Amino acid sequence: MMRLLTGAEKGSGGFVFSPRSVDAFGSTVIAEGADDARQLYWVHAWTVGPDGVITQLREYFNTDLTVTLLSGAASAKSAAAIAAAPPKQDAASSSSSAPSAAASSSTGPKCLWQSRRADRAHKSLPGLVLAI
């Protein structure tokens, strides 16, 4: 399939996924990484069902991603689970991948995760918001 999508010749080295971080909140798992040359940046967002089976995969290449929890009764259970979990830190990054999800009186959208590219200051990429 890769040859069809990329035009790569058979037997070429191919693309190696090297995860730099993996974070989970609620039923969503985010994996982030780059190729060895740091030319391609990727984020995978998986939705995992109650039985542990991946039910959805979203893949983003060379895109800065922000994951946002929308307000509302349907997301109250997810918000409680996220608020109860401590934010995860990535030792390779100076900023947190999971901004504080502590309970607040605000009912608006809450940022749960943001891309952490090492080359952010030197390379601009399009941004996208994934609302869950």
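**Reading the chain and its sheet**

Buried residues, meaning those under 20% relative accessible area with a 1.4 Å probe and protein chains only, make up 29% of the 132 residues in the chain. This is a predicted model, in which local features need pLDDT of at least 70, side-chain atom pairs count only at pLDDT 80 or more, and totals for chains, interfaces and linings use all residues. Residues are numbered from 1 along each chain as its sequence is written, and side-chain values use heavy atoms, with hydrogens and water left out.

User: What makes up the secondary structure of the chain?

Analyst: Helices are DSSP runs of H or I with at least four residues, and strands are runs of E with at least two, numbered from the N terminus. By that rule the chain has two helices and seven strands, which follow one another from the N terminus as α-β-β-β-β-β-α-β-β.

User: Why are β1 and β4 called edge strands?

Analyst: Two strands pair if DSSP finds at least two bridges between them. The open sheet of four strands has the order β1-β2-β3-β4 with antiparallel pairing, and β1 (19–25) and β4 (54–61) are its edge strands because each pairs on one side only.

User: How do you know that β1 and β2 pair?

Analyst: Six bridges join β1 to β2 (residues 28–34), the two running antiparallel, and the pairing rule asks for at least two, so they count as a pair.

Terms used. Buried means under 20% relative accessible area, exposed over 50%, partly exposed in between (1.4 Å probe, protein chains only).
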